[in-house]
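Morning, everyone. Please bring the structure up on the screen.

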Amino acid sequence: MTSRQRTADSNSLSPRRRTVVKAAAATAVLAAPLAAAIPARAAEAPAFLHGVASGDPLPDGILLWTRVTPTAEAVPGSGLGPDTEVAWTVAKDKAFTNVVAKGSVTATAASDHTVKADVRGLAPATDYWFRFSAGGTDSPAARTRTAPAADATVTNLRFGVVSCANWEAGYFSSYRHLAARGDLDAWLHLGDYIYEYGTGEYGTRDTVVRQHAPTHEILTLADYRIRHGKYKTDPDLKALHAVAPVVAIWDDHEFANDAWSGGAENHTEGAEGAWTARQAAAKQAYFEWMPVRPALAGTTYRRLRFGKLADLSLLDLRSFRSQQVAVGNGSVDDPDRTITGRAQLDWLKAGLKSSDTTWRLVGNSVMISPFAIGSLSADLLKPLAELLGLPKEGLALNTDQWDGYTDDRRELLAHLRSNAIRNTVFLTGDIHMAWANDVPVDAGTYPLSASAATEFVVTSVTSDNLDDLLKVPEGTVTALAAPVIQLANRHVHWVDTDRHGYGVLDITADRAQMDYYVLSDKTKANATSSWARSYRTKTGTQKVERTYSPV
């Protein structure tokens with residue numbers, strides 16, 4: 001342990017559904033009551049029922065968040081409740097005897113009674129405690145941490161890394177185990193923080209462990225607010241938000257499955273309203289309920305810096321992308337199609353080229369490494385194709401990922417190579433499996449061709465993966481599928497198709513290492529966690545290698 005590290009207290013339905021599952025009309029109108037989005041005990045006075053959170057750390061600042069329930073009827077999505085003054089306090093100690101900043105904001109129904117305070121004037125690389133208060137009631141106290149100074153020599157950074165948390169599929173034990181570590185500078189959420197489906201419409205191994213609110217598919221601003229509110233009642237999620245700042249991007253399920261700039265697979269124009277209205281509602285609720293500081297309004301792409309050791313470019317791969325295409329028609333290579341949009345790709349390239357940090361991290365919601373299925377048996381091919389959104393015939397392409405937008409990928413990787421940009425590491429979620437990949441310039445000739453970057457993909461917190469689809473014991477599918485996948489994809493060093501969990505990314509000047517952890521049982525609230533594997537990339541190599549112990 002370094003001196004920086006701290007203890008926890010320092011003082012079958014398809015997971016990538018191509019056929020839209022809709023409830024019967026009679027069921028669709030039977031929404032769960034709004035009150036389902038808060039604990040059963042109604043607020044009799046101002047209350048902080050959804051916890052507190054912080055995010056987007058800067059060397060001199062942090063973004064603080066909470067949601068106040070001013071009256072019993074002012075539940076998420078209701079549009080009810082009076083304007084309420086909410087005070088915030090930041091201190092250097094848990095007892096709040098050394099207060100360094102304080103202020104107040106007004107919570108209104110127009111923002112669903114969520115509030116944010118963008119606090120500045122803090123010291124870099126420093127732990128702080130914060131809390132909110134309203135009407136004589138204090139929120140729980142929480143800890144956060146600022147980023148190192150931009151020119152600081154930083155020996156070590158450590159981030160939790162998570163994605164894909166389906167409420168109905170299990171409990172969020174991954175968050176609890178990350179919170180218990182107490183040694184995180186921040187944690188990265190790489191997308192699918194919430195899911196949009198109605199009850200029973202999304203993969204849960206045929207068992208709804210706990211029910212969504214609202215119970216129908218979310219479409220309106222009120223719906224998205226209720227769903228976010230439900231998630232923020234989870235004790236494990238609240239615990240993680242209370243110990244370290246989050247750095248979050250969205251993927252498709254914060255909107256609807258396989259979202260693109262003009263629609264989504266899981267959106268029926270007209271019958272479910274206009275996509276523009278649904279997208280706007282989803283974005284509004286996201287920014288209300290998440291401690292995210294957008295550099296540009298309406299998008300999550302932005303960049304954070306952690307001293308001279310690393311910067312982190314965070315992508316928005318849903319707002320600007322072209323519609324996904326069918327596999328096999330050649331249009332995946334069309335240079336007019338994009339996953340990033342022109343402005344974002346230029347921003348990313350410029351940032352990677354001008355970066356003077358040792359490591360260039362990219363928060364990336366869908367896998368950038370190419371993937372070919374290879375020769376899998378029919379019983380494995382069908383569920384794998386279903387999970388990845390591939391044709392059941394087994395054509396080797398996933399058009400929702402960078403594989404469906406090869407010109408953007410080709411341009412980005414060529415930029416890394418032609419400008420000799422080293423130490424670029426993509427951090428990825430989305431596909432409910434764990435991977436450790438080189439990112440080849442030409443997958444067809446790899447390893448004879450160069451690797452331009454590396455990629456660590458984390459598995460899902462709860463969302464179904466292959467063993468869940470096949471309803472077999474964990475590890476069964478990985479043992480059969482992983483060798484075939486790696487044979488067809490020489491740049492893939494490891495893939496685990498079956499287990500749920502999280503990652504811990506540890507960075508020094510010499511290497512970036514991802515430790516992969518797995519849960520004993522996602523359906524158990526007290527699930528244990530164990531280390532599974534570790535992979536690292538050494539500085540200057542642009543390649544992944546296995547290491548045999550976690551940091």
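First, the ground rules. This is a predicted model, where local features need pLDDT of at least 70, side-chain atom pairs count only at pLDDT 80 or more, and totals for chains, interfaces and linings use all residues. Residues are numbered from 1 along each chain as its sequence is written, and side-chain values use heavy atoms, with hydrogens and water left out.

Start with helix H10, residues 476-488. Helices (H or I, at least four residues) and strands (E, at least two) are DSSP runs, numbered from the N terminus. H10 bends by about 30° at alanine 482. The bend is the angle between axes fitted to the seven residues ending there and the seven starting there. Proline 483 follows within four residues.

Which residues of H10 are buried? They are Val477, Thr478, Ala481, Ala482 and Ile485. Buried means under 20% relative accessible area, exposed over 50%, and partly exposed in between, with a 1.4 Å probe and protein chains only.

Now the backbone. Most residues other than glycine have a negative phi, and most peptide bonds are trans. Alanine 213 and proline 214 are joined by a cis bond, omega about -10°. Proline 214 lies in the loop between strand E10 and helix H3.

Last, positive phi. Phenylalanine 96 has phi near 60°, in the loop between strands E3 and E4. Alanine 420 has about 50°, in the loop between helix H8 and strand E17. Buried or exposed? Phenylalanine 96 is buried at 9%, while alanine 420 is exposed at 60%.
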